[in-house]
Amino acid sequence: METLSEIHRGLAQTGILFFIALGVWAIWLRVRSRPLDGSWYGAAAIGEILMITEFLLGWLLYGQGLDGNLSRGFVHILYATVAVITLPAAYLYLSRMQDENVKTILFAIVCFFLMEVIIRARFVALA
């Protein structure tokens with residue numbers, strides 16, 4: 001089951017890099033005065049699937065007692081929950097917004113926020 005822990009850590013690292021790329025992509029679209037397109041939203045959906053997979057794998061590890069030295073488990077689970085619900089909540093809120101320029105920047109901020117949430121969850125797990 002150590003392999004599941006390694007996969008969990010690897011998916012967290014992948015999530016960090018993925019949301020950095022997604023945030024930079026959103027900023028790049030804004031600099032070019034283009035709205036978010038289907039490709040960006042498709043990548044965001046992949047990022048959400050990544051977070052759900054990471055969340056479920058974490059629960060599997062936690063349920064089997066294979067969470068290692070997770071001293072502050074509740075905080076780690078809280079960060080994981082925030083990581084899963086942030087992107088859909090942002091989409092529901094921002095989809096009503098008319099100004100595409102503002103929407104693009106706000107989605108970039110959400111991506112960088114998710115990156116930070118994943119980093120913080122990793123540090124809580126290591127503490």
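These legends describe close-up views of one predicted model.

Residues are numbered from 1 along each chain as its sequence is written. In this predicted model, local features need pLDDT of at least 70, side-chain atom pairs count only at pLDDT 80 or more, totals for chains, interfaces and linings use all residues, and side-chain values use heavy atoms, without hydrogens or water.

**View 1. The chain has 4 helices and 0 strands.** Its pattern along the sequence is α-α-α-α. Helices (H or I, at least four residues) and strands (E, at least two) are DSSP runs, numbered from the N terminus. The C-alpha atoms fill a box of roughly 50 × 20 × 20 Å along the principal axes.

**View 2. Helix α1 packs with helix α2.** α1 covers residues 2-31 and α2 covers residues 38-63. The angle is about 160°, and the axes are 10 Å apart. That makes α1 roughly antiparallel to α2 (angles over 145 degrees count as roughly antiparallel). Axes are lines fitted to C-alpha atoms, for helices over the stretch in contact, and angles run from 0 to 180 degrees between N-to-C directions.

**View 3. Ile27, Trp28, Val31, Ile105 and Ile109 make a nonpolar surface patch.** Patch residues have over 30% relative accessible area and no salt bridge, with nonpolar side chains (Val, Leu, Ile, Met, Phe, Trp, Tyr) joined within 5 Å. Accessible areas come from the Shrake-Rupley method with a 1.4 Å probe; for residues, only the protein chains shown count as cover. A salt bridge is a side-chain nitrogen of Lys or Arg within 4 Å of a carboxyl oxygen of Asp or Glu. α1 gives the largest share, 3 residues. Ile109 lies in α4.

Key: Parallel < 35°, antiparallel > 145°, perpendicular 65-115°, else oblique. Patch = residues over 30% accessible without salt bridge, like charges linked within 9 Å, V, L, I, M, F, W, Y side chains within 5 Å.
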